[in-house]
Structure formats: C-alpha cells, structure tokens
Amino acid sequence: MTDIRNSPELDRAIQILTPREHSVLELRLKLVKRNIDREKIEAIIAYLLELDYLSDERFAEAYVAERTRKGDGPTKIQSNLRKRGVDRALIERFVSLDDDFWIERAIDVLRKRFGARDDEFGSLQFDEWTKRRTLLMNRGFPAQVVRNALGEFQRP
C-alpha cells in the first residue's frame with residue numbers, strides 16, 4: 001500500500017473536503033480528474049475513512065438536510081444520493097417517506113414561490129394549478145404528495 005500521509009495528494013483531498021461533506025464516490029471522481037494515480041486515490045480514501053474525515057453517512061445526512069431546506073422532494077433527493085454512490089440503506093435511513101412531512105415541505109415551496117394561500121382569492125385557473133403541479137413534480141415530490149399539497153390550495 002502506498003504511504004500517502006505526507007503527500008500533496010492527501011493535502012488536496014483534505015482541501016476538497018474542507019468546504020462541505022462529500023461522498024466517497026464524489027471524492028474519488030474529483031481525485032481522478034486531478035490525474036492522481038488510482039492506487040494513491042484508494043489509499044487516500046482508506047486513510048480518510050480511517051480518520052473519519054470522510055463519511056457517506058455524514059454526507060447523506062447533510063445532503064438531505066440541505067436539499068430539503070432548499071425545497072427538493074424525496075424522489076429527487078434519493079436519486080441524487082444514488083448518483084453520488086450512497087448506499088440504499090443510508091438513503092432509506094435519512095430520507096423519510098412520511099407523506100405528512102413532505103406535504104408540508106411542498107406547501108412551503110408553493111408559498112415561497114407563489115405567495116400566501118390562494119384559496120382566499122377563489123379557485124385557481126387550470127393553467128395556474130398546472131404551474132404549481134409542475135413545479136412540485138420537477139422538485140421531486142411524488143404524485144400523491146403533490147395532490148395533497150395542492151389540496152391545501154384551491155384546485156380547479
């Protein structure tokens with residue numbers, strides 16, 4: 001195994017991890033882009049995991065919190081975690097599929113984007129209702145959550 005403890009490659013990996021958590025796959029891909037030898041990359045990753053500087057668990061928890069706060073739904077969050085190499089068990093652990101929680105998040109997205117509750121202004125026109133539905137679907141909210149969230153607003 002390559003000794004990397006005092007290497008510039010390890011320093012670069014730590015610099016990459018400094019601003020935010022990364023998944024193992026993300027870090028590996030970033031190091032590959034920097035033309036670091038694959039053997040060194042694996043040694044760096046093993047060392048960082050041993051030191052607990054790198055953790056898919058911490059990454060998943062932080063990512064879910066950040067993306068939920070930014071208004072993404074569970075489907076989109078799960079998909080992005082899979083793309084980043086996070087294990088299915090960790091995804092299931094951190095992405096709750098509690099409809100009530102996600103309905104509230106979806107309503108928050110609608111309020112932020114479209115203002116206060118629309119029901120005080122009467123029924124929405126079909127095109128306005130469709131805009132709201134499309135926004136939520138694009139943000140990764142499941143169809144049932146979208147229907148329930150829009151039920152809080154006036155449907156055509």
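This note sets out, in numbered points, selected features of a predicted model.

1. **Helices α2 and α3.** The first point concerns a pair of packed helices. Two packed helices are described by the angle between their axes and the distance between the axes. For α2 and α3, the axes come within 10 Å and cross at roughly 145°. The crossing in which α2 passes α3 is right-handed. On the side of α2, the contact is made by V24, L27, R28, L31 and V32. On the side of α3, the residues are R38, I41, E42, I44, I45, L48 and L49. Sorted by class, this contact of α2 with α3 comprises 9 nonpolar and 3 charged residues, with no polar ones.

2. **The loop between α2 and α3.** Helix α2 spans residues 24-33 and helix α3 spans 38-51, and N35 lies in the loop between them. Although N35 is not a glycine, its phi is positive, at about 55°. Is N35 buried or exposed? Its relative accessibility is 70%, and N35 therefore counts as exposed, since exposed means over 50%.

3. D52 is a residue other than glycine, and its phi is near 65°. The relative accessible area of D52 is 44%, so this residue is partly exposed.

4. **An aromatic pair within α4.** Helix α4 covers residues 56-69 and holds both F59 and Y63. These two residues are 4 residues apart, which is about one turn of the helix. The count of aromatic pairs in the model comes to 4. In the pair of F59 and Y63, the ring centres are 5.6 Å apart and the planes stand at 35°, so the pair is tilted. As for accessibility, F59 counts as buried because its relative value is 2%. Y63 counts as buried as well, because its value is 9%. The cut-off applied here is that buried means under 20%.

5. Which residues does T68 touch, leaving aside its neighbours within four places in sequence? The contacts of T68 are I77, F101, W102 and R105. T68 itself is placed in helix α4. With a relative accessible area of 14%, T68 is buried. Among the contacts of T68 are F101 and W102; these residues, together with F141, form one aromatic cluster.

6. **Helices α8 and α9.** The last point returns to helix packing. Helix α8 (residues 126-138) and helix α9 (residues 143-151) have axes that come within 10 Å and cross at roughly 140°. That angle makes α8 oblique to α9, because only angles over 145 count as roughly antiparallel. The crossing of α8 past α9 is right-handed. From α8, the contact is made by W129, R132, R133, L136 and M137. From α9, A143, V146, A149 and L150 take part. The residues of this contact divide into 7 nonpolar and 2 charged, with no polar residue.

Conventions. Residues are numbered from 1 along each chain as its sequence is written. This is a predicted model: local features need pLDDT of at least 70, side-chain atom pairs count only at pLDDT 80 or more; totals for chains, interfaces and linings use all residues. Side-chain values use heavy atoms; hydrogens and water are left out. Axes are lines fitted to C-alpha atoms, for helices over the stretch in contact, and angles run from 0 to 180 degrees between N-to-C directions. Angles under 35 degrees count as roughly parallel, over 145 as roughly antiparallel, 65 to 115 as roughly perpendicular and the rest as oblique. A crossing is left-handed if the near helix is turned anticlockwise from the far one by less than a right angle, and right-handed if clockwise. Contact means heavy atoms within 4.5 Å. Ala, Val, Leu, Ile, Met, Phe, Trp, Tyr, Cys and Pro count as nonpolar, Asp, Glu, Lys and Arg as charged, and the others, Gly among them, as polar. Rings of Phe, Tyr and Trp (its six-membered ring) pair if their centres lie within 6.5 Å; planes under 30 degrees apart count as stacked, over 60 as edge-to-face and the rest as tilted. Buried means under 20% relative accessible area, exposed over 50%, partly exposed in between (1.4 Å probe, protein chains only).
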